[in-house]
Amino acid sequence: MSVVEVRGLRKDFDSGRVHAIDGIDLATTEGEYLVLLGPSGCGKTTLLRTIAGLEQPTKGDVLIGGRIVTGLPPRARKIAMVFQSYALYPHKTVLQNIVFPLKASGGMDRAEREQKARWAAGLLTIEHLLSRKPRQLSGGERQRVALARALVRDPAVFLLDEPLSNLDAKLRASARDELKGFQQRVGTTTIYVTHDQTEAMGLGDRIAVLYEGRVRQLGEPVEVYDHPADTFVATFIGSPPMNLVPVDGRLVGFRPEHLLPTEDVRGAERTTMPLHVDRIEYLSGDRHVYGTVTGIGEPTRVIARLPATVTTPIAAGETHTFAVGADRLRFFDAESGQRSTAAGIRLGG
Amino acid sequence: MAEAVRTEAVLPAVGARRRLSDREGALAWLFLLPSVVYIVALVALPFVLAIGFSFSDVTAGDPSFDWVGVRNYRRIFDDPVFWHSLQNTLVFTAISMALIVVFGKVLANILVADFRGKWLVRFLVLLPWTTPVALSSIAWLWLLDSVYSPIDWVLRQIGLLQTNTYWLGRPHLAMASVIAVHVWRLVPLAAVIMMAGLVAIPKEVQEQAEVDGAGFWRRMFEITIPLTMPVIAVAALFGAIFTFTDMTVVYILTRGGPTNSTQVLASWAFFRGIEGGDVAQGAAIALFLFPLLLAAAIAILRAVRRMEVL
């Protein structure tokens with residue numbers, strides 16, 4: 001039985017003019033970390049809010065623990081949510097913040113509540129902050145308080161809405177690491193919304209890539225990265241994005257890190273192509289080579305990412321022969337953008 | 001070096017003269033002057049005059065100033081009507097303030113809700129506040145008329161009443177009527193102030209409380225009210241000040257009657273000082289409004305500062 005499941009979910013806004021969610025079926029497995037990834041406006045936050053009960057779906061059902069909860073208010077759903085802003089209660093101390101969900105759901109006396117809150121605070125190492133007010137906390141501390149508050153209710157599922165986007169870049173990496181460690185310790189099923197592919201790849205057991213209200217691909221990070229279901233997923237995930245070269249009504253895709261100078265591509269099966277280099281960027285040890293490939297299909301601007309271990313001299317303004325291992329090539333239908341096969345394609349190189 | 005020379009050569013062409021608009025010190029005085037004149041002429045001067053008058057024997061017929069010490073104060077302390085007015089003022093203010101806050105809060109909640117025709121409801125709600133007090137008080141005078149009151153008529157039609165009520169003719173009913181009119185005209189202001197406070201609460205905080213399992217009342221008392229407390233305080237104090245200092249409603253509805261049962265400090269000072277001609281005693285009575293207003297002003301400023309901290 002899945003912890004959270006949505007069936008045929010649709011959500012329209014503006015009396016049907018906007019389809020925020022356009023028919024989504026999705027189910028989590030016990031204890032999994034599911035990431036909803038997509039650009040802004042793709043419906044990921046609406047999906048999360050619908051699961052939480054803050055939005056009512058136009059059609060379809062939400063199931064939590066196998067029970068249909070569509071139409072039930074958030075408090076009847078055994079969920080905990082962490083908002084982007086953390087939404088701590090500014091007038092309450094950290095302890096009062098953490099205790100609040102227990103107080104609201106009732107059935108626990110004062111001492112029990114406080115004990116539970118201290119347990120959660122201990123798990124997130126914020127015991128020393130319990131008497132502070134939220135405005136006296138740093139961004140990272142606020143995140144932990146929000147997590148502790150989510151934790152005390154023993155929810156069936158954590159719903160996290162871009163919890164890292166309010167932190168500065170330096171803090172984000174460590175907060176991400178902490179978040180993952182936290183979830184592994186408590187083992188609670190988690191649905192995590194983000195537009196940041198690095199967070200998605202780093203945190204998710206599985207990633208659901210959303211675009212225009214639909215799930216474009218659902219799979220493990222490796223699968224989504226290596227075998228994108230369509231050109232949207234191929235170009236949305238990966239930095240720089242996958243190169244797509246039009247060949248005979250099809251698109252041939254290859255990741256920038258697989259486009260290397262011929263002498264650096266091992267294996268007999270490879271496709272070579274001349275690359276006219278017009279610019280090189282040197283980014284954290286890698287060389288990003290911008291240029292135009294010819295010879296395999298229509299001339300197309302591509303990016304090659306050369307790791308520090310590749311030392312072949314490349315200069316702007318020159319044409320150099322690059323190659324991609326045959327097993328690294330992906331094929332898409334030019335019309336629909338859907339994944340297809342290599343059948344019937346003749347690559348010029 | 002060459003750079004510096006060129007800059008110097010260019011400078012005069014741009015305009016080296018200091019214009020009035022560059023002299024911030026002078027401008028500050030210029031712009032502040034109207035409000036300084038206004039406050040001095042219409043607030044400070046009358047206030048000082050009132051203090052002076054209260055220690056004098058100035059009357060409408062004999063405006064010459066003679067020092068009489070605390071004689072006026074001794075006389076008003078001996079006057080039971082003064083004590084009754086003071087008590088009425090405090091009672092009216094306290095009850096009105098409480099009702100204004102409660103109804104204002106309810107109304108504010110209705111006004112922030114999203115529904116069809118919201119603008120019309122908001123417009124109608126604000127009308128009592130925009131109507132001049134004198135006009136709306138006259139309208140209420142008619143509504144509460146001893147013979148032709150439409151309120152009585154409706155109550156008679158539905159069988160709740162046999163005879164007329166004499167809203168303004170019986171002491172307790174008259175007091176209730178005055179309070180009702182105060183509440184009616186000040187609730188819209190309080191509602192709009194509190195609405196601004198409600199709108200300022202981040203939506204995510206409300207939703208978080210909902211997800212955390214809090215129902216409507218718990219959200220109201222544990223989240224909304226504490227977070228809007230400074231704004232509620234401002235609304236309450238505005239209500240209090242307007243009720244406390246107002247004499248129009250009493251003057252038009254009851255003239256302080258029947259037998260001074262609705263007399264308040266402001267109206268009593270007016271009857272004594274202006275209609276009765278004893279300016280000195282009127283001034284002494286009116287000065288009793290000051291300590292409470294001062295306390296209210298301090299409380300408002302404190303509430304506003306707390307709002308900034310939050």
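Modeller: In chain A, β11-β12-β18-β19 is the order of four strands that form an open sheet, with antiparallel pairing. This is a predicted model: local features need pLDDT of at least 70, side-chain atom pairs count only at pLDDT 80 or more, and totals for chains, interfaces and linings use all residues. Residues are numbered from 1 along each chain as its sequence is written, while chains are lettered from A and ligands numbered from 1 in the order in which they are written.

Biologist: What makes β11 and β19 of chain A edge strands?

Modeller: Each of them, β11 (243–247) and β19 (339–340), pairs on one side only. Two strands pair if DSSP finds at least two bridges between them. Strands themselves are DSSP runs of E with at least two residues, and helices are runs of H or I with at least four, both numbered from the N terminus.

Biologist: How do you know that β12 and β18 of chain A pair?

Modeller: There are four bridges between β12 (residues 250–254) and β18 (residues 330–333), in the antiparallel sense, and the definition asks for at least two, so they count as a pair. As an example, Gly253(A) has Arg330(A) as its bridge partner in β18(A).

Biologist: Which domains does chain A have?

Modeller: Domain 1 covers 4–226 and domain 2 covers 241–340; such bounds come from an automatic or database domain assignment. Taken over C-alpha atoms, the centres of the two domains of chain A are 39 Å apart. Chain A as a whole has eight helices and 19 strands.

Biologist: Why is Gly104(B) called buried?

Modeller: A residue is buried if 20 or more other C-beta atoms, placed from the backbone, lie within 10 Å of its own; it is exposed with 12 or fewer, and partly exposed in between. Gly104(B) has 26 such atoms within 10 Å, so it is buried. Its place is in helix α4 (residues 80–112) of chain B.

Biologist: Which residues does Gly104(B) touch?

Modeller: Leaving out residues up to four places away in sequence, Gly104(B) touches Val187(B), Ala190(B), Ala191(B), Met194(B) and Ala235(B). Contact here means that the C-beta atoms of two residues, placed from the backbone, lie within 7 Å.

Biologist: What makes helix α13 of chain B mostly covered?

Modeller: In α13 (residues 279–286), eight of its eight residues are buried. Among them are Val279(B), Gln281(B) and Ile285(B).

Biologist: How many residues does each chain bring to the contact between A and B?

Modeller: Chain A brings 16 residues and chain B brings 15. On the chain A side, β6 (79–82) and α2 (94–105) each supply at least two residues, and α2(A) gives the most, with four.

Biologist: What is that side of chain A made of, by class?

Modeller: It has twelve nonpolar, three polar and one charged residues. Nonpolar means Ala, Val, Leu, Ile, Met, Phe, Trp, Tyr, Cys and Pro; charged means Asp, Glu, Lys and Arg; the others, Gly among them, are polar.

Biologist: Which elements of chain B have the lowest and the highest mean pLDDT?

Modeller: Helix α1 (residues 2–15) is lowest at 52, and helix α9 (residues 203–211) is highest at 92. pLDDT is the predictor's confidence in each residue, from 0 to 100. Over residues 1–5 of chain B, pLDDT is below 50, and this stretch has zero contacts in the model beyond near neighbours in sequence. Where pLDDT is low, the predicted coordinates should not be read in detail. Chain B still averages 85, with 94% of its residues scoring at least 70.
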